[in-house]
Amino acid sequence: STRYRTFHLAAELSRRGHFSSVVPLSIFEKSPSMGNDYDFVIFHRPRITPETVDFFVKHEQSRAIIADFDDLIFDVALSNFTPAVRVRKSDPIGIRVNLASFAAACRMVSTCTTSTTPLRDRMIALFGIDNDRAHVIPNGVDSGYLGICTLALQGAPPERPYRYGYFSAGTQTHDLDFEIAASALARAMRADRRARMLVVGPVKIPSSLTPYSDRITQLPLVAFHELPFLKSTVRTVIAPLEDTPFNSAKSGLKFWEAALVGCTVAATPIPDIDRFESPLLKKCKNEDDWDFALQQEVPDTAIIRDEVKRISRSEER
């Protein structure tokens, strides 16, 4: 979240000649007056604190104060759909209090940016933000990450050892998502006895895959810039998501992060993934779609190479 919504954007603004910096909220709260030195202050996932309230009040109705969100964490009515409640079984009351803090901050800001259209539409509906003050700025990659992906793709083994790969986002909230594709994965592993799978990050491997555990490698969470090299050993990355309002508002970065290293991607077509059309993307709405996506042959090398170039140009920030 911090990487895509702050560092990448600040770096691009700097590249275009603007002075920009990223300041942790804990530091800003010690000296809120530092915000007066900037034409715009963008709060990523703002929440209510005495310091932010004071700053918002002083700049009420100003276009200079912007709230940025990349997850649906400001709608208290949807608290039961959050991974914290659905997967981690966190206290629903505590989660609602947390979401209410984000919502209260949104009500004090008249301009917002979001990573997806569903998030923008939700903010407009909930907080009455004017259409011309609500903007979608999709997640994108910086030149440094593109360079790493290029190195990973160049060093990819001719025969990638893993037929399938699953990469969690680093939090223990994806068990139910993984289950979406588990039955189809089991059928694919049964159909191809040579198929191996790589799982990276904190996720519970579904019991339906237990018979194939000797062909599944699970690694702990790794640094972000190691991921392209791991993905370059995989032919097809899966990105299943439960059909919930929370997931429907998420970014489609799971597609292009994998596609940039020449992987095909089988994914649940949430809106921000559904906007892409690519020979490297298979959109899976039901079990038949998952079976088709996981058991078909991947495109040939020339198609993959051309598509990687196209995606690199379109998704670079």
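The model is predicted, so local features need pLDDT of at least 70, side-chain atom pairs count only at pLDDT 80 or more, and totals for chains, interfaces and linings use all residues. Residues are numbered from 1 along each chain as its sequence is written, and side-chain values use heavy atoms, with hydrogens and water left out.

Helices (H or I, at least four residues) and strands (E, at least two) are DSSP runs, numbered from the N terminus. Strands of a sheet pair through backbone hydrogen bonds, either parallel or antiparallel. Two strands count as paired if DSSP finds at least two bridges between them.

Here, four strands form an open sheet in the order β1-β2-β3-β4, with parallel pairing. The edges are held by β1 (41-44) and β4, each with a single partner strand, so one side of each has no neighbour in the sheet. From one strand to the next, the twist averages 25°.

Strand β2 (residues 65-69) is joined to β3 by four bridges, and I66 has T111 in β3 as its bridge partner. On the other hand, β3 is joined to strand β4 (residues 134-136) by three bridges, where T114 is partnered by V136 of β4. Between these two strands the chain passes through helix α6 (residues 117-127), and this β-α-β crossover is right-handed: with the strands pointing away from the viewer, the path from the first strand over the helix to the second runs clockwise.

Within strand β3 (residues 111-114), T111 and T113 point one way and C112 and T114 the other, and all are buried (under 20% relative accessible area, with exposed over 50% and partly exposed in between, for a 1.4 Å probe and protein chains only).

Two packed helices are described by the angle between their axes and the distance between the axes. The axes of helix α5 (residues 92-107) and α6 come within 10 Å and cross at roughly 75°, which makes α5 roughly perpendicular to α6 (65 to 115 degrees; under 35 counts as roughly parallel, over 145 as roughly antiparallel and the rest as oblique). Axes are lines fitted to C-alpha atoms, for helices over the stretch in contact, and angles run from 0 to 180 degrees between N-to-C directions. In α5, A103, C106 and R107 meet M123, L126 and F127 of α6, where contact means heavy atoms within 4.5 Å.
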